[in-house]
Amino acid sequence: VAQDQGIMLTAELNGRLVVQGDAQWLERLLLNLVDNALKFTLRGGRTIVRLAREGQLAVMHVTDTGVGISPEIVPHIFERFFQADQARSSSKAGARGAGLGLSLVKWIVDQHHGTIGVDSRPGEGSTFTVRLPLSPTY
């Protein structure tokens with residue numbers, strides 16, 4: 001998808017990290033965040049997935065060079081059915097969804113006893129950061 005859209009997608013993995021949880025839900029979490037990053041990044045942009053360890057946490061950053069999110073909207077992006085605002089959705093044709101993607105991501109993170117946050121600047125892009133506890137046997 002990234003290649004078809006002219007977006008460079010890279011992964012930076014810092015070692016092997018193991019979290020305890022449902023593999024299918026964790027995959028959905030990653031896919032939703034990457035899909036959103038690609039959806040709001042213009043041709044020639046970049047999306048980076050970084051995975052690293054911080055103490056007893058696995059930390060994933062999904063960063064894009066996309067259109068960004070307005071500060072007044074950031075507090076609402078994880079709400080069910082919240083549409084990601086007209087500025088983002090009009091930046092790329094067809095970039096609208098049902099408003100469930102990020103609320104599902106938040107639910108998955110919560111079910112795995114983690115946290116999620118976002119740092120975004122309009123016109124510069126966004127970074128979504130997920131922190132999940134490492135497996136106790138890791």
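How many residues apart in helix α3 are Asp110 and Lys106? They sit four residues apart in that helix (residues 101-111), so about one helical turn separates them.

## What you're looking at

This is a predicted model, in which local features need pLDDT of at least 70, side-chain atom pairs count only at pLDDT 80 or more, and totals for chains, interfaces and linings use all residues. Residues are numbered from 1 along each chain as its sequence is written, and side-chain values use heavy atoms, leaving out hydrogens and water.

## Overall layout

The chain has three helices and five strands, and reading from the N terminus you get β-α-β-β-α-α-β-β. Both kinds of element are DSSP runs numbered from the N terminus: helices are H or I with at least four residues, strands are E with at least two.

Of the 138 residues in the chain, 40% are buried. Buried here means under 20% relative accessible area, exposed means over 50%, and partly exposed is what lies in between (1.4 Å probe, protein chains only).

Now for contacts, meaning heavy atoms within 4.5 Å. Take those between residues at least 6 apart in sequence, and 68% of them join residues at least 24 apart.

## Salt bridges

Side chains of opposite charge can pair when their charged atoms come close. The structure holds five salt bridges, each one a side-chain nitrogen of Lys or Arg within 4 Å of a carboxyl oxygen of Asp or Glu.

Back to the opening pair: Asp110 and Lys106 form a salt bridge, with their closest N and O atoms 2.9 Å apart. Asp110 is partly exposed at 37% relative accessibility, and Lys106 is partly exposed too, at 30%.

## Two further pairs

Arg50 and Glu12 also meet through their side chains in a salt bridge, at 2.9 Å from N to O. Arg50 has a relative accessible area of 30%, so it counts as partly exposed, and Glu12 gets the label partly exposed at 36%.

Then there's Asp119 with Arg121, a salt bridge at 3.3 Å from N to O. Asp119 is partly exposed at 42% relative accessible area, while Arg121 is partly exposed at 45% relative accessibility.
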